[in-house]
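Subject: Structure handover

Hi,

My notes on what turned up follow below it.

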Amino acid sequence: MKPILAVTFFALGAARLAAADSLPPLSLDDCVAFAAANHPALNAAQAGVAAASEAVGEARAPYYPQVDFSAGYHRWQKRAFLPSGLTLPGHTIPELIGPLDDWNGGLSSHVTLYDFGERRAGLDAARARQAGAEADTAATRADVRLSVQSAFYTLAAAQDLQAVAEKNLARTESHYRLAQARRQAGAVPHADELRMQAEVASAQLQLLNAQSRVRIALGQLNTAMGRPAETPLAIAAPTTVPPPPAGTDLATAMQRALANRPELKSGDKRTEAARAAVTAARAARAPKLHADGSFGWNDTVWMPETREWQAGLSVDLPIFDAGSRTSRIARSKAEAAREEASLENRRLQIRQEVWAAASELDRAWSSIAANETSVRASDESLRVERERYQTGAAVITDLLDTQTALARAEASLAEARWNYLTARAAFDRAVGAAP
């Protein structure tokens, strides 16, 4: 990157961060609530539920009579095809009939009285798909919540790492001034001052990298919330780290996940819908009893007066369809078997997710204490090495090594705290905990 472009890039980033600082900070709950109300994935899932609900109404409609109104006008003329030798007394046989006007209008109705359970199976399948769509929406909501939580903690970690980089830069500049003073006093060679000058430049570069990570994490959080990445944003990160959930062993967590995960509810409903489709396919091979009727008017003048009507029963019995219904049954059975296998596979995946999430939660919690110990030890070590360097008992390399160790420990501690909160959110998602 050319220097002028780099300066422009970081100036724009600083301007966006300054704009974000002027905004009221959002808590994690604020971010989650915004995503729940605006995220496109949730809007799509809710539209899917609405569509599934309408499909239930569509499947229920065949239980009721279907009534249609029709009306029309036709003017027609036809050639008369009469048997040879046929005569009409006193008349010649016309070769054409018409032209005549034909006005008609009326109502017709049709209802299925009995179909050996095909309509019931279709309605059961539609209801199961609606319940599955609702479960899918719950799963999407949980995924969006976890995505927002992870992005929020990533941004908080990036801000802490930026603070660590700023602190390390200030510490390095202080040591640079110390090296300058000692070199001017003739206590250390000029190489010490040059070495510290290079460390200051390195610390400045680390700070620039940390600021860049903050900007990237801010865009990720905006995206997770369902809004443009460049939207100004400020967050209010929590100041305390809650301990892991108490009194929950792995077996209990597995049971909770298998009972609460919406993915399993969705898979169960899809399996139920597939089984209902098998029932409907079998019923399609059975006879069906229908009732139908119609009433209307038909005449050659406007406002026809001649009434026409009919009413009756009919039975439909499939005789030959070239194997279509047999293939439909076989396909429905195969789809039901596929859904059952997919559901079982999902159960195995969820058990693995709980296992991995619980292990990561334990590791993340334990790493906080280890990193706190490392920070305390590194801080004390740096204090001692600085005093030794001031008195000439240590060389610049010793001071730099302990300073680097402290910066690394501080960064590791900052990451450990937020990684633990991310792991806790992932564990809650894995066991299906309600928000």
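Asp292 has its bridge partner in strand β4: Gly312. Keep in mind that this is a predicted model.

That bridge is part of a longer run. Strands β3 and β4 (residues 307-316) are antiparallel, with 10 bridges between them. On to β2 and β3 (residues 288-299): 11 bridges join these two, again antiparallel. Opposite Val111 stands Ala291 of β3. When you look at side chains here, remember that in a regular strand they alternate between the two faces of the sheet.

Next, Thr112. This residue belongs to strand β2. Is Thr112 buried or exposed? Its relative accessibility is 17%, and the cut-off for buried is under 20%, so Thr112 counts as buried. Its side chain makes a polar contact of 3.1 Å with the side chain of His290. Setting aside residues up to four places away in sequence, Thr112 touches Arg119, Leu289 and His290.

Arg119 comes up again. Its charged end sits over the ring of Tyr63, 4.8 Å from the ring centre. Lys78 does likewise with Trp76: the charged end sits over the ring, at 5.7 Å from its centre.

Now the aromatics. How many aromatic pairs are there? The count is 7. Take Tyr73 and Trp103. Their ring centres are 4.3 Å apart and the planes meet at 40°. Stacked needs under 30 degrees and edge-to-face needs over 60, so this pair is tilted. Tyr73 is in strand β1 (residues 66-79) and Trp103 in strand β2 (residues 96-114), so the pair ties together parts 30 residues apart in sequence. Tyr73 has 38% relative accessibility and counts as partly exposed. Trp103, with a relative accessible area of 22%, is partly exposed too. Ring pairs also bring in Trp302, giving a cluster of Tyr73, Trp103 and Trp302.

A second pair to check is Tyr153 with Trp418. This one is stacked: 6.0 Å between centres, 25° between planes. Tyr153 sits in helix α4 (residues 118-184) and Trp418 in helix α9 (residues 396-431), so the pair ties together parts 265 residues apart in sequence. Both Tyr153 and Trp418 are buried.

Then helix α4 itself. How many residues does α4 have? It has 67, and it reaches 97 Å from its first C-alpha to its last. At 1.5 Å a residue, 99 Å is expected, so the span is close to that. Just after α4, Gly186 takes a positive phi of about 80°. If you pick along a helix by eye, note that an α-helix has 3.6 residues a turn, so residues three or four places apart point the same way.

Last, Ala358 in helix α8 (residues 324-390). Its relative accessibility is 15%, so Ala358 counts as buried. Which residues does Ala358 contact, leaving aside neighbours within four places in sequence? Leu250 and Phe427.

Over to you.

Conventions
Residues are numbered from 1 along each chain as its sequence is written. This is a predicted model: local features need pLDDT of at least 70, side-chain atom pairs count only at pLDDT 80 or more; totals for chains, interfaces and linings use all residues. Side-chain values use heavy atoms; hydrogens and water are left out. Rings of Phe, Tyr and Trp (its six-membered ring) pair if their centres lie within 6.5 Å; planes under 30 degrees apart count as stacked, over 60 as edge-to-face and the rest as tilted. Helices (H or I, at least four residues) and strands (E, at least two) are DSSP runs, numbered from the N terminus. Buried means under 20% relative accessible area, exposed over 50%, partly exposed in between (1.4 Å probe, protein chains only). A charge sits over a ring if NZ of Lys or CZ of Arg is within 6 Å of the ring centre and within 35 degrees of the ring normal. Two strands pair if DSSP finds at least two bridges between them. A polar contact is a pair of N or O atoms within 3.5 Å; within protein, one must be able to donate a hydrogen and the other to accept it, and residues adjacent in sequence count only if both atoms are side-chain atoms. Contact means heavy atoms within 4.5 Å.
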